[in-house]
Amino acid sequence: MKNHLKRIATPRTWIIDRKQNTFIMRPKPGAHPLDMGMALGVILRDKLAIGSTLSEIKKILNSKEILVDGKRQKSPRLIVGLFDVISIPGKNYRLSLDTKGRIIVKDINDKEAKLKTCKVTGKTMMAGGKTQLNLHDGKNIITTEKVKVGDSLLLQLPDQKIQKVLPLNPGSTVFLTKGKHAGRSGSLKELQKDEAIFVHDKQEIETAKKYLFVVGEKEALITL
């Protein structure tokens, strides 16, 4: 696979100047799909401006001071996606979506940088009554907790310890990851087979159930 991607062909979720240069760094295939993540080097250079060139970014990464979800990362092509936490000395950021469904970077405090919500996208039963949970960011966790596909987990970083299970139930606070209303959050009102209704700013919105991401019970547990 090529290391670069033409800017004009980048996903619509990337907020970049498509006419500034011809190419932009392509992230390596990883935990997030291309339209839901960006290369770490691009975020550090173009979004956070901690370096003006890729060469500077590589030197910063080689200093082993950049953390993603609490773990040191050195590859500028690492794909960083929805709700991942980037930490640099003195600052913490979380990737989210704006109300147009585009990837944005938000400042968070040190306390919140140790927490992350992850959606359960699959599970496998194991011996001894344990279950392996597959999460939206590529993580796999083995647990004895009773969790359904579609629920979310509040994790402690970097050890990925489960702090709380956030079930996909009416009354939960949900965030939409795709669709016409991507980037909006609200209270889940009703669940049907493949569809759901949630309330955003006192307005009822119908959307696909698969777009829902539980981020809290009565209120969001992370900065959106």
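## The hairpin of E11 and E12

Strands E11 and E12 form a hairpin with four residues between them, and Gly138 in the turn has a positive phi of about 90°. E11 covers residues 131-135 and runs antiparallel to E12, to which four bridges join it. Two strands are said to pair if DSSP finds at least two bridges between them. Gln132 has Ile142 in E12 as its bridge partner.

The model described here is predicted: local features need pLDDT of at least 70, side-chain atom pairs count only at pLDDT 80 or more, and totals for chains, interfaces and linings use all residues. Residues are numbered from 1 along each chain as its sequence is written, and side-chain values use heavy atoms, with hydrogens and water left out.

Buried means under 20% relative accessible area, exposed means over 50%, and partly exposed lies in between, with a 1.4 Å probe and protein chains only.

## Strand E8 and its neighbours

Strand E8 (residues 91-97) is largely enclosed by the rest of the structure, because six of its seven residues are buried. On one side of the sequence, strand E7 (residues 85-88) pairs with E8 in the antiparallel sense over four bridges. Val85 stands opposite Arg94 in E8. E7 and E8 form a hairpin with two residues between them, and Gly90 in this turn has a positive phi of about 90°.

E8 is also joined to strand E9 (residues 103-108) by six bridges, and these two strands run antiparallel. Here Tyr93 stands opposite Asp107 in E9. The hairpin of E8 and E9 has five residues between the strands, with Gly101 in the turn taking a positive phi of about 75°.

## The nonpolar cores

A nonpolar core is a set of buried Ala, Val, Leu, Ile, Met, Phe, Trp, Tyr and Cys residues joined through side-chain atoms within 4.5 Å. The largest such core has 31 residues, and those with the most contacts inside it are Leu40, Leu44, Phe83, Ile86 and Phe175. At least two residues of this core come from each of strand E2 (23-25), strand E3 (37-39), helix H1 (40-47), helix H2 (54-62), E7, E8 and strand E19 (212-216). H1 gives the most, with four residues. A second, separate core of 10 residues includes Leu176, Ala196, Phe198 and Val214.

Within H1, the buried residues are Leu40, Gly41, Val42, Ile43 and Leu44. Leu40 touches Leu61, Ile66, Val68, Gln73, Ser75, Pro76, Leu78, Val80 and Ile86, not counting residues up to four places away in sequence; contact means heavy atoms within 4.5 Å. Just after H1, Ala49 takes a positive phi of about 55°.

Rings of Phe, Tyr and Trp (its six-membered ring) pair if their centres lie within 6.5 Å; planes under 30 degrees apart count as stacked, over 60 as edge-to-face and the rest as tilted. By this rule there are two aromatic pairs. The rings of Phe83 and Phe175 have their centres 5.4 Å apart and their planes at 55°, so this pair is tilted. Phe83 lies in the loop between strand E6 (79-81) and E7, and Phe175 lies in strand E15 (residues 173-176), so the pair ties together parts that are 92 residues apart in sequence. Phe83 counts as buried at 0% relative accessibility, and Phe175 is buried with a relative accessible area of 0%.

Phe83 and Phe213 form an edge-to-face pair, with 4.9 Å centre to centre and 90° between the planes. Because Phe213 lies in strand E19 and Phe83 in the loop between E6 and E7, this pair ties together parts 130 residues apart in sequence. Both Phe83 and Phe213 are buried.

Thr207 is found in strand E18 (residues 203-208) and is buried, with a relative accessible area of 11%. Thr207 touches Leu176, Glu195, Ala196, Phe198 and Leu212, not counting residues up to four places away in sequence.

Lys193 has its place in the loop between strand E16 (185-191) and strand E17 (195-200). Lys193 counts as exposed at 73% relative accessibility. Lys193 and Lys209 are 16 residues apart in sequence and 7.8 Å apart in space, C-alpha to C-alpha.
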